Amino acid sequence: MARQRAFDREAALETALLTFWRHGYEATSIAELTAAMGIRPPSLYAAFGDKRRLFEEAVRRYQETYGAFTTRALAEEPTGRQAIERVLREAAEEYASRSHPTGCLIITAAVNCGPESAEVEELLRGFREGSKAALKARIDDDLTAGRLPAGTDTAGLATFYAAVIQGMSTQSRDGATHADLLHIATLAMSAWPKSDNL
């Protein structure tokens, strides 16, 4: 009969997520992970594979929990403008929260990676590009509905708001408060093009 694991896998994964979020992928060692998770290296490898696979699982968990506000906002709001404004406002709240590490794991976890972590950088870049494409899709909706001026550069506008979100993450890690980030969100929305029809 297989021996049961002597630890809570979900709790261990949550701890690993927070550790990667706090320190970044490359700076987080197996020794730090196992110490934080309260397990020995053989248990980590048996439960999660290697550090890379543990990180990928932590990223998926992040997207389903802390980072899920973006997907919800883009899906639930009736217009692209309302969706993006909600993303920015909820990012301000989430990134500045002191109940977990500040900023966004997807944005910050591979900032200072060397060549040996190129696949991790590519993984996170893919998620960020996916988010930018989702922003563009909602902006395109507004263009199609006539809520944006004809000829609006929707790709450029999506890149602008993606850059704002990434900047808000960095600002929060530098100590920006919820109020500071909300101010950035408000200023960013003032750049939204006005439709000639409205």
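At what angle do helix 1 and helix 2 pack, and how far apart are their axes?

1. **Ground rules.** This is a predicted model, in which local features need pLDDT of at least 70 and side-chain atom pairs count only at pLDDT 80 or more, while totals for chains, interfaces and linings use all residues. Residues are numbered from 1 along each chain as its sequence is written, and side-chain values use heavy atoms, with hydrogens and water left out.

2. **Overall build.** The protein chain has ten helices and zero strands; helices (H or I, at least four residues) and strands (E, at least two) are DSSP runs, numbered from the N terminus. Along the principal axes, the C-alpha atoms of the protein chain fill a box of roughly 70 × 35 × 30 Å. Of its 198 residues, 44% count as buried. Here buried means under 20% relative accessible area, exposed over 50% and partly exposed in between, with a 1.4 Å probe and protein chains only.

3. **Helix 1 against helix 2.** Back to the opening question: helix 1 and helix 2 (residues 30-37) pack at about 135°, and their axes are 9 Å apart. Axes are lines fitted to C-alpha atoms, for helices over the stretch in contact, and angles run from 0 to 180 degrees between N-to-C directions. The two helices, helix 1 and helix 2, are therefore oblique to each other; angles under 35 degrees count as roughly parallel, over 145 as roughly antiparallel, 65 to 115 as roughly perpendicular and the rest as oblique. Helix 1 passes helix 2 in a right-handed crossing, meaning that the near helix is turned clockwise from the far one by less than a right angle, with anticlockwise being left-handed.

4. **The annotated stretch.** An unreviewed UniProt entry places the annotation "DNA-binding region" on residues 29-48; please keep in mind that such annotations may be inferred rather than shown by experiment. Over residues 29-48 the chain is 80% helix and 0% strand, with the end C-alpha atoms 15 Å apart.

5. **Aromatic pairs.** Searching the whole structure gives nine aromatic pairs. Rings of Phe, Tyr and Trp (its six-membered ring) pair if their centres lie within 6.5 Å; planes under 30 degrees apart count as stacked, over 60 as edge-to-face and the rest as tilted. The ring centres of tryptophan 21 and tyrosine 62 are 5.0 Å apart and the planes stand at 85°, so this pair is edge-to-face. It joins distant parts of the chain, since tryptophan 21 is in helix 1 (residues 9-23) and tyrosine 62 is in helix 4 (residues 51-64), 41 residues apart. Both tryptophan 21 and tyrosine 62 are buried.

6. **A ring cluster with a lysine.** Phe20, Tyr25 and Phe55 are linked into a cluster by ring pairs. Lysine 51 lies over the face of tyrosine 25, at 4.5 Å from the ring centre; a charge sits over a ring if NZ of Lys or CZ of Arg is within 6 Å of the ring centre and within 35 degrees of the ring normal.

7. **Helix 9 and helix 10.** The axes of helix 9 and helix 10 (residues 178-189) come within 10 Å and cross at roughly 165°. Helix 9 and helix 10 are therefore roughly antiparallel to each other, and their crossing is right-handed. Glutamine 166 lies in helix 9 (residues 154-173) and counts as partly exposed at 32% relative accessibility.
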